[in-house]
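I opened the model to see how its chain is laid out. These are my notes, in the order I looked things up.

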Amino acid sequence: MKYQNRQKALLLLEDGTIFYGKAIGQPGTAFGEVCFNTGMTGYQEIFTDPSYYGQLMVTANVHIGNYGTAEDEMESDSVKIAGLICKNFSYEFSRDAANSSLKDFLDKNNLFAISDVDTRALVSYIRDNGAMNAVISTDVDDIDGLKAKLAEVPSMAGLELASKVSTKEPYIYGDENATHKIAALDIGCKKNILRNLAKRDACIKVFPYNTTFEEMNAWNPDGFFLSNGPGDPEPLADAIKVAQEVISRDLPLFGICLGHQVIALANGISTYKMHNGHRGINHPVKNLLTGKGEITSQNHGFAINREETEANENVEITHVHLNDNTVAGIRIKDKNCFSVQYHPEASPGPHDGEYLFDQFIENIQKVKTV
Ligand SMILES: NC(=O)CC[C@H](N)C(=O)O
């Protein structure tokens, strides 16, 4: 039993609350905003999703690691969460398609992770008390030292993080001879969004977070896309400007999650930090245009202001979250632009929202045939 003598570890929340556990591997310390995901599967996709950059992830599912990891289940090229907190960590794995244990995968990515934490109590604590900064550490005898360092960690509100995860150079994804050309602004883009666009006969050019509309437009795209990503949307002045330029020219535009928030900001609607975000793969949404319900994959800690959206004469609410009535989707009236707060690309999660990619391609086709 080589994992028997594991080092004691703790999770210290900003408000002083402590939960104890054990280090999964090497000793260490990691800071971030603590958040939880309720999905029962999809841990590799979650850990590699750039939207989680800077966050300490609590997995609500009680078993983590049991089906290992696989090379083609990456949502970016590396682990993006700041640290992992779970209950039962499985050092062994069993699945034909997997080629590594989660332990080796996390070691390769230098991620500090702790297990044996009472995650049921922790999740309900965070749910009641709201998102907050925290530290996980094996320095269990230096709580004052950890508290002092934790006090210096910036709050997620107001934090610009897209620049930390965006591509440094533009690159092409998909077949260069595909029918549609889509210019995507990478403010933390998940790979499965690109896969979904490419499989609809699109070639995507992915641009760094601070690219201007003119630079993107010089490639002569048929449509524009604003990706998901980490941090507060409000400081993303360059991306907001791109959205405004695209919308003012009435070019096809689609935004997902952070991209959706940027589109709202571009239309004068403010965003706010939620008491607790939505992170899981069974979030119910109603499409107000069709009356149909969708079960969706979600991962966001900010949302767009509902009253301001309702009062904005240029914007129509197309989707609502059925748990708390927050805005889950909008379209810009008389413009070729729409966006959703959730993740139609899933990965992980249900595929109910995939029709939105078809809708975007149809919006592109409509313009081309005029
Ligand atoms: N998945 C995302 O794009 C998240 C958007 C934003 N960082 C939020 O937390 O709300």
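I took helices (H or I, at least four residues) and strands (E, at least two) as DSSP runs, numbered from the N terminus. Residues are numbered from 1 along each chain as its sequence is written. The model is predicted, with local features needing pLDDT of at least 70 and side-chain atom pairs counting only at pLDDT 80 or more, while totals for chains, interfaces and linings use all residues.

**Entry 1: the annotated stretch.** I looked up UniProt, where an unreviewed entry places "domain: Carbamoyl-phosphate synthase small subunit N-terminal" at residues 7-137. UniProt positions are in the numbering used here, feature names are shortened, and annotations may be inferred rather than shown by experiment. Over residues 7-137 I found 18% helix and 32% strand, with the end C-alpha atoms 10 Å apart.

**Entry 2: the barrel.** I followed the strands and found a closed barrel of seven, in the order β1-β2-β8-β6-β4-β3-β9, with mixed pairing. The twist averages 35° from one strand to the next. Two strands pair if DSSP finds at least two bridges between them. Strands of a sheet pair through backbone hydrogen bonds, either parallel or antiparallel. I checked β4 (residues 55-59) against β6 (residues 83-85): they run parallel and are joined by three bridges. Val-58 stands opposite Ile-85 in β6.

**Entry 3: a helix across strands.** I noted that helix α4 (residues 143-150) lies across β1 (8-13), β3 (29-37) and β9 (132-137), and runs at about 140° to β9. Axes are lines fitted to C-alpha atoms, for helices over the stretch in contact, and angles run from 0 to 180 degrees between N-to-C directions. Contact between two residues requires C-beta atoms, placed from the backbone, within 7 Å.

**Entry 4: two domains.** The domain assignment, which is automatic or from a database, gives domain 1 (8-150) and domain 2 (162-369). Their C-alpha centres lie 28 Å apart.

**Entry 5: the ligand.** I listed the residues around the ligand (C-beta atom, placed from the backbone, within 6 Å); among them are Ser-51, Cys-257, His-300 and Phe-302. Strand β16 (residues 293-304) supplies the largest share of this shell, four residues.
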